[in-house]
Amino acid sequence: MIRRRLNGPALALIAQITATAAISLLAIRAAGAGTASVAVQGAAFLIGAVALWAASRMARPGRGPRLISAAAILVFAVLMLTTGVEMQGAHRWLALGPVLIHPASLLGAPLLWLVAQDADDVWTAGVAASAILTFGLGFDGAASLAFAVGTTGLLTAARGSWKTLAPLAALSWILALWSLTRSEALPRVPYVEDVVPTVWAVSPLLGAAAGMALIALSAPLLWMGWRALGVGAAAGLAMAGFWIGLSAANLLGAYPAPVVGYGASPVIGWLVAIGLAMASARRTTHEVSVIAISDQPTAGRFEGRDHLLPVRVYYEDTDFTGLVYHANYVRYFERGRSDFLRAIGVGHADLLEEAEPLAFVVSELNIKYLKPARIDDALVVRTVYEQVKGVRLIIRQSVERAGEVLCRAEVTAVCIHLDGRPRRPSKGLVEKVTPWLAASGTAD
């Protein structure tokens with residue numbers, strides 16, 4: 001059973017982490033690191049492995065936990081800037097006894113992961129922007145470049161959220177250009193910043209291995225982001241971009257070679273990022289399995305917490321003018337609500353087979369028609385489950401064409417017994433729906 005569970009990509013990931021740890025320890029030792037530094041690096045890999053395991057089991061946080069977590073990272077950034085260790089005008093570290101913590105490499109990828117959980121959440125994005133700005137004011141070109149590439153990856157994966165993410169990416173790139181063009185006065189340490197060329201001079205084979213390990217840091221994150229959908233893709237690509245930027249900065253200035261060079265914070269931060277990417281990818285497994293079956297109708301996909309269902313306008317959908325008949329938008333909205341539930345593992349047939357069967361009825365529907373859809377148009381039904389309040393589900397929907405909203409609806413659905421009496425949704429239904437609720441108040 002263990003061999004079945006640890007095959008393919010899982011074995012490749014374990015092999016990469018193990019090889020990277022061995023290469024890092026050998027490389028920093030060959031570059032002149034003392035026994036204490038090698039011991040700290042080894043301990044960081046062990047701590048990071050435990051952190052990876054814990055992060056891989058993270059549930060998708062709601063808005064409240066996201067804001068609290070992002071605010072905590074902002075606090076660390078402020079402490080770094082105001083009370084942290086200063087070197088040649090740069091404020092990049094916090095002292096933890098004899099060990100210097102680099103908050104940006106430890107917490108940067110988790111910060112982007114939080115934003116990726118709901119790319120349209122302006123509050124989390126705003127707190128993240130404040131943290132990115134604070135890190136940038138510490139004259140940390142590596143962190144600013146990492147955030148710039150990471151937010152660009154996030155913007156690419158969550159294209160429908162450009163109003164939230166584009167300002168975040170623009171801020172990150174401005175800070176990166178400002179920091180990287182600033183003269184760098186910090187000395188380069190052979191086993192930190194110059195570990196690859198230093199080791200190459202001693203052992204070309206080990207130097208080549210160190211260079212390859214540095215380049216491959218983002219590979220598992222890219223793989224998981226490419227394989228996942230929705231939030232999983234956004235989180236994976238954002239964190240992959242962060243580590244690409246952090247590694248690239250080593251070539252542009254006196255910035256550490258992350259993970260391969262000496263430094264406990266990048267080691268733990270890298271392994272935590274992998275764990276978080278695993279958690280996000282696991283939640284999209286159901287979506288992947290549905291779409292991978294080519295002879296099955298699609299249940300749509302997720303973009304943040306928005307469910308997107310493609311719909312084609314056929315002749316039967318139109319009236320004599322060639323425009324979509326107004327009542328057919330109600331059908332599109334119903335399909336969107338049903339496929340949202342199907343995509344998270346809730347089927348109407350399954351609800352009827354529960355010990356106490358249940359169904360949904362619409363108790364309130366408010367529609368606003370903005371622009372017409374025409375025959376052959378490719379539409380998208382966007383569905384967001386806002387809240388579960390007692391027996392009611394509050395849902396916000398729209399029909400869009402190439403990003404343009406044609407019709408909006410606010411829907412209240414009520415959960416009922418089969419005899420028509422209202423009832424609260426089952427515990428299993430609530431547990432599946434709650435992680436996808438857009439409102440800060442989850443099911444009551």
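Modeller: The axes of helix H2 (residues 9-30) and helix H10 (residues 204-215) come within 10 Å and cross at roughly 130°; axes are lines fitted to C-alpha atoms, for helices over the stretch in contact, with angles from 0 to 180 degrees between N-to-C directions. Helices (H or I, at least four residues) and strands (E, at least two) are DSSP runs, numbered from the N terminus. This is a predicted model, in which local features need pLDDT of at least 70 and side-chain atom pairs count only at pLDDT 80 or more, while totals for chains, interfaces and linings use all residues. Residues are numbered from 1 along each chain as its sequence is written, and side-chain values use heavy atoms, with hydrogens and water left out.

Colleague: How are H2 and H10 oriented to each other?

Modeller: Angles under 35 degrees count as roughly parallel, over 145 as roughly antiparallel, 65 to 115 as roughly perpendicular and the rest as oblique. The axes cross at roughly 130°, and H2 and H10 are therefore oblique.

Colleague: Is Val259 buried or exposed?

Modeller: Val259 lies in the loop between helix H12 (231-252) and helix H13 (264-283), and has a positive phi of about 70° although it is not a glycine. Buried means under 20% relative accessible area, exposed over 50% and partly exposed in between (1.4 Å probe, protein chains only). Because its relative accessibility is 0%, Val259 counts as buried.

Colleague: Where is Phe139, which has a positive phi?

Modeller: Phe139 is not a glycine, yet its phi is positive, at about 60°. Its place is in the loop between helix H6 (122-137) and helix H7 (141-157).
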